[in-house]
Amino acid sequence: MSYGVALRNGVPFTLGTIAALCVNATTQWNPLSLWPDGIATPGMWISPRTLTSEWQDYTGTTPVSVPGTVADSANPVGLALDIRAGATVLTDPGNHMLQSTSAARPLMSARVNLLLLKSPYPFNTSDDMTDADVVDATVVNAAGTNTITCGSTSDVLVRLGKTNPVSTGVTQILPGGVPFTYSFDITGIGSAVGKAVAFLAARPGGPDVTEEITLTAIPQRITATLPAGASVSNIYAYIALKGVGTTANLATGDEIEVTGIQLNIGSDADAYQYADTTALYPSGAPIAQLYDGVDDGMATAAFAAGTLTSGMDCMIPVRRDSGAPVAVVGLFDPTNGGRWFGAAESGSSATCFDSSVGTPTVWVDNAQLTGGTSVTRDTLNTALTVGDWHIMEFRDLDLSAWEAATFGNYPGFPANGARGDILLFPSTASTEDKDAARQWLADYYGVTLP
């Protein structure tokens, strides 16, 4: 996953460029091409990255803050405008999404690295393990440093992270039943190349990880995945500097430096994201709405049946942060619980959309899922790997009977994770515009398309 500058038609663009795209439409593809007549063209465009279209309250009086300037828990989203026609206030026409219940509002977030408090300088005197049975108790690192010197007699274990290691005031729910990946850089100050270190990690419900790594180059990025377990409480990870079962152990006096430490959801290491108590996110990290998997949701006001049509496509970048048994990560009509699409459930042979939405095909990252017009929930669940951004796409939906549109809190099956732009537009849009829209989303959310 990349958080750098994206390219579109060879021209770089980063956050906050939507206005520039709309002005400079001759050189940049414009998302508004999907709705050539603005709100007269059916659909909606909800964009978390366009901060000027979102407010913390549902009446639209308190703007959201830029992620990184405040903790997630202080930055909810109560109103997100449909910007097909350039709406700036709730009274402007469009299919705006809102949430009147403050406790059920998603959060503005750009967070990937869960070690908010402990990175990049994770070690201080209270975090050094001093159990005499396994750790050289003479090794004490000064607060704010991250250089570890090998002791003279016994093993040295240094803790990388612990249960919910987050900044004060940050509300964070680490999901159970999903893998986590640690990654960090090791730099040798002494003669560390060719020597061995060991990575050890444990969580309740296991399985645990013990991995020996020989330092082949300096610096060296180490990644290790902690498989899915029953619980996320008491997640611990350590680096062992001696006694790891090899003749090439670090010798007394050898030093290594550990930095760039990250813990992210999923079985692959994401690109490192600097995180501390004052700058929670790096510049350029994709901004999204973060849903808690409990009750967060946003919905449009009611509209007349026929506002949407029998031929519509929908693209939504999603990042599932939980392997919950079933979740609806698409849209649904809250006025009728039988109108929905986007259910992901491991092992389920049921179709991933309701029969009332017709017979759409389902695509993830521009690859059509097997099953034709009867894609199963299990197939969608497998394609939307936990912890990773994906572009989920339903083509040729029948939404003509819908009277509202909601994302998030489908009764009993809430979404847990992050959601990007919602692009809902007529299926008659040109192939060129559809391809451009998909690539535009992929560039921003760090998705590689085939």
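Predicted model: local features only at pLDDT ≥ 70, side-chain atom pairs only at ≥ 80, totals over all residues.
With which side chain does the side chain of Thr181 make a polar contact? The partner is the side chain of Thr225, at 3.1 Å.

**Thr181 and its surroundings**

Thr181 belongs to strand β10, which covers residues 180–188. Its relative accessible area is 1%, so Thr181 counts as buried. Leaving aside residues up to four places away in sequence, Thr181 touches Ala224, Thr225, Gln262, Leu263, Asn264, Gly266, Ser267, Asp268 and Ala269.

**Salt bridges**

Nine salt bridges are found in the structure.

| Residue pair | N to O distance |
|---|---|
| Asp82 and Arg84 | 2.8 Å |
| Arg319 and Asp321 | 2.8 Å |
| Arg438 and Glu393 | 2.9 Å |

Asp82 has a relative accessibility of 1% and so is buried. Arg84 is likewise buried, because its relative accessible area is 6% and the limit for a buried residue is under 20%. In the second pair of the table, Arg319 and Asp321 are both buried.

The salt bridge between Arg438 and Glu393 links two elements of secondary structure. Arg438 sits in helix α3 (residues 431–445), while Glu393 sits in strand β24 (residues 389–397), so this pair ties together parts that are 45 residues apart in sequence. Arg438 is buried at 3% relative accessibility, and Glu393 is buried at 1%. Both residues also belong to a network: salt bridges with shared partners join Glu393, Arg395, Asp435 and Arg438.

**Cysteines**

How many disulfides does the structure have? The count is zero, where a disulfide would need a pair of cysteine sulfur atoms within 2.5 Å. Two cysteines can be described by their accessibility. Cys314 is buried, because its relative accessibility is 1%. Cys352 has a relative accessible area of 0%, so Cys352 is buried as well.

Key
Residues numbered from 1 in each chain as written. Heavy atoms only, no water. Helix = DSSP H or I, 4+ residues; strand = E, 2+ residues; numbered from the N terminus. Buried < 20%, exposed > 50% of the residue type's maximum accessible area, 1.4 Å probe, protein only. Polar contact = N/O pair within 3.5 Å; in protein donor to acceptor, adjacent residues only side chain to side chain. Contact = heavy atoms within 4.5 Å. Salt bridge = Lys/Arg side-chain N within 4 Å of Asp/Glu carboxyl O.
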